[in-house]
Amino acid sequence: MGIISRGFGGRRRESVPGLPPGQYLTHDFPVLSAGPTPRIPLDRWSFTIATETGEKKSWNWAEFTALESADVTVDIHCVTKWSKLGTTWRGVSLDTLLADVETAADYTMVHSFGGYTTNVPMEDLLDGKAWIAYKFDGEDLEPEHGGPARMLIPHLYFWKSAKWVNGLSLMNDDEPGFWEAAGYHMYGDPWLEQRYQGD
Amino acid sequence: MARAALPGRLTWRAATLVGERWETPSARTLVLDVPDWPGHLPGQHVDVRLTAPDGYSAQRSYSIASAWADNATDKTVELTVQRLDDGEVSPYLTDTLEIGDQIELRGPVGGWFVWRPAQEKPVLLLAGGSGVVPLMAMIRARGAAKGKQPFRLIYSVRTPEDACYAQELSRRVRDDPGLDVHFVHTRVTPRKRIDVATINSYGWPADFTPDCYVCGPTTFVEAAADILVALGHDPKRIRTERFGGTS
């Protein structure tokens with residue numbers, strides 16, 4: 001488009017490599033969610049994987065945090081335009097959680113306490129691309145940032161990294177989750193700027 | 001009757017500034033003419049893109065302040081922009097953009113934090129600062145539709161001078177039956193914060209199962225939404241929109 005704003009650009013943000021198109025750098029950690037922040041006691045926490053054939057596998061908090069964990073440093077990109085670089089997390093890789101699950105599903109739906117959902121292709125959860133994180137910056141994950149545990153899928157827009165996760169359904173066909181049904185992109189690659197339906 | 005966000009690609013459109021007014025010393029309403037605007041629901045937002053002469057561009061999201069009616073003669077879209085002094089986009093929109101200038105805009109975006117005139121429940125609106133903007137669109141849409149749903153707005157703002165739409169709100173309280181507005185001033189002695197007593201006194205009882213909309217800075221939204229839950233409101237009826245980090 002050819003609309004040039006006279007006098008704009010004098011206060012531009014620092015230019016940094018690693019920013020997808022249309023994003024700007026923030027050093028804060030903004031909070032975005034659709035409703036109140038749920039507080040989930042650890043003795044009521046569980047995470048369940050349900051396969052396309054109805055098989056289920058669950059972990060309680062003690063079992064989950066006893067799994068092999070990984071420390072990861074990644075950039076995160078929110079569809080509302082902010083990006084935060086070099087964030088540090090500890091969590092359990094989805095490779096670990098899915099290792100003994102028998103499935104041929106190509107798609108998944110992530111579920112959260114409170115009813116939030118988001119859809120992610122299976123291949124985007126595997127091969128070291130996704131974690132369920134329970135520490136941020138060395139501290140227990142705060143409830144407003146998704147604690148006790150949230151999904152961390154840094155190569156997609158951050159709404160895919162669902163807060164307060166409690167389950168994963170494996171599906172043969174893709175279905176929209178919460179924001180996807182409200183007009184956001186089904187996949188959400190920040191480098192392709194897939195913010196909304198049709199992008 | 002407004003339409004929902006249309007399926008298909010949201011294209012960038014040229015928007016021309018055709019009117020403006022200052023709501024407070026730091027918040028300016030931009031009246032934009034956007035040819036072929038598809039319409040919007042109250043609570044939705046738009047993305048704005050500015051491009052510098054050397055090609056550098058920046059995008060930000062802004063809530064829509066105006067209501068839309070397909071049959072109305074006024075087909076403009078209004079945004080109210082709060083100037084953030086260390087920002088790069090908002091000071092341009094509040095202080096530099098002149099009548100006749102164009103910016104790029106796409107939307108409407110967001111299908112969750114919306115109020116539809118067909119909703120029959122009482123409505124509780126909790127606004128912190130410029131979080132009032134999408135809630136004002138709901139009040140305006142109700143007024144345009146001559147809605148009968150009981151509406152209450154609790155509006156937390158630093159001082160009376162920082163309140164957007166103050167005159168219009170007092171006019172609507174007089175003319176729109178069933179609309180109440182209560183202000184909480186956080187920088188006027190005695191300093192107040194939105195608290196249990198305020199929401200209990202000026203909101204709706206949880207028994208009425210109102211639709212609640214909370215918009216403002218994160219600290220405000222967290223506090224207000226927690227109070228609503230503690231007062232027994234169903235978390236599924238509490239819709240929140242938070243901002244912070246946008247400038």
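Asp106(A), Glu123(A), Asp127(A), Asp173(A), Asp174(A) and Glu175(A) come together as a negatively charged patch on the surface. This is a predicted model. Over all chains, the whole structure holds 23 salt bridges.

**Charged patches**

- Asp174(A), one of the negative patch residues, sits in the loop between strand E11 (165-171) and helix H3 (178-181) of chain A.
- The relative accessible area of Asp174(A) is 31%, so Asp174(A) is partly exposed.
- Arg193(B) counts as exposed because its relative accessible area is 58%, and the cut-off for exposed is over 50%.

**Domains from the record**

- In an unreviewed entry, UniProt lists residues 35-179 of chain A as "domain: Oxidoreductase molybdopterin-binding".
- Across residues 35-179, chain A is 9% helix and 41% strand. The end C-alpha atoms of this stretch are 13 Å apart.
- For chain B, UniProt gives "domain: FAD-binding FR-type" (unreviewed entry) at residues 10-115.
- Residues 10-115 of chain B are 7% helix and 45% strand. Here the end C-alpha atoms lie 21 Å apart.

**Backbone details**

- The peptide bond from Gly147(A) to Pro148(A) is cis, and its omega is near 10°. Pro148(A) is in the loop between strand E9 (139-140) and strand E10 (150-152) of chain A.
- Chain B has a cis peptide bond from Gly107(B) to Pro108(B), with omega near 0°. Pro108(B) is part of strand E6 (residues 102-109) of chain B.
- Asp137(A) is not a glycine, yet its phi is positive, at about 55°. Asp137(A) lies in the loop between strand E8 (131-136) and E9 of chain A.
- With a relative accessible area of 54%, Asp137(A) is exposed.
- Lys146(B), also a residue other than glycine, has a positive phi near 50°. Lys146(B) is in the loop between helix H2 (132-144) and strand E8 (151-157) of chain B.
- Lys146(B) has 65% relative accessibility, so Lys146(B) counts as exposed.

**Salt bridges within chain A**

- Lys135(A) and Asp140(A) form a salt bridge, with their closest N and O atoms 2.8 Å apart.
- Lys135(A) is partly exposed at 22% relative accessibility, whereas Asp140(A) is exposed at 55%.
- Glu180(A) and Lys160(A) also meet through their side chains in a salt bridge, at 2.7 Å from N to O.
- This pair links distant parts of the chain, 20 residues apart. Glu180(A) is in helix H3 and Lys160(A) is in the loop between E10 and E11 of chain A.
- Glu180(A) is buried because its relative accessible area is 2%, and buried means under 20%. Lys160(A) is buried too, at 0% relative accessibility.
- Glu180(A) and Trp61(A) are 119 residues apart along the chain, and 29 Å separates their C-alpha atoms.

**Between chains and within chain B**

- Asp199(A) makes a salt bridge with Arg106(B), and the closest N and O atoms are 2.8 Å apart.
- That pair crosses between chains. Asp199(A) comes from the segment after H3 of chain A, and Arg106(B) from strand E6 of chain B.
- Both Asp199(A) and Arg106(B) are buried.
- Arg140(B), Glu168(B), Arg172(B) and Asp176(B) form one network, joined by salt bridges that share partners.

Conventions. Residues are numbered from 1 along each chain as its sequence is written. Chains are lettered from A and ligands numbered from 1 in the order in which they are written. This is a predicted model: local features need pLDDT of at least 70, side-chain atom pairs count only at pLDDT 80 or more; totals for chains, interfaces and linings use all residues. Side-chain values use heavy atoms; hydrogens and water are left out. Patches are made of residues with over 30% relative accessible area and no salt bridge: like charges are joined within 9 Å, nonpolar side chains (Val, Leu, Ile, Met, Phe, Trp, Tyr) within 5 Å. Accessible areas come from the Shrake-Rupley method with a 1.4 Å probe; for residues, only the protein chains shown count as cover. A salt bridge is a side-chain nitrogen of Lys or Arg within 4 Å of a carboxyl oxygen of Asp or Glu. Lys and Arg count as positive and Asp and Glu as negative; His and the chain ends are not counted. The place of a charge is taken as NZ of Lys, CZ of Arg, CG of Asp or CD of Glu. Helices (H or I, at least four residues) and strands (E, at least two) are DSSP runs, numbered from the N terminus. Buried means under 20% relative accessible area, exposed over 50%, partly exposed in between (1.4 Å probe, protein chains only). UniProt positions are given in the numbering used here, feature names are shortened, and annotations may be inferred rather than shown by experiment.
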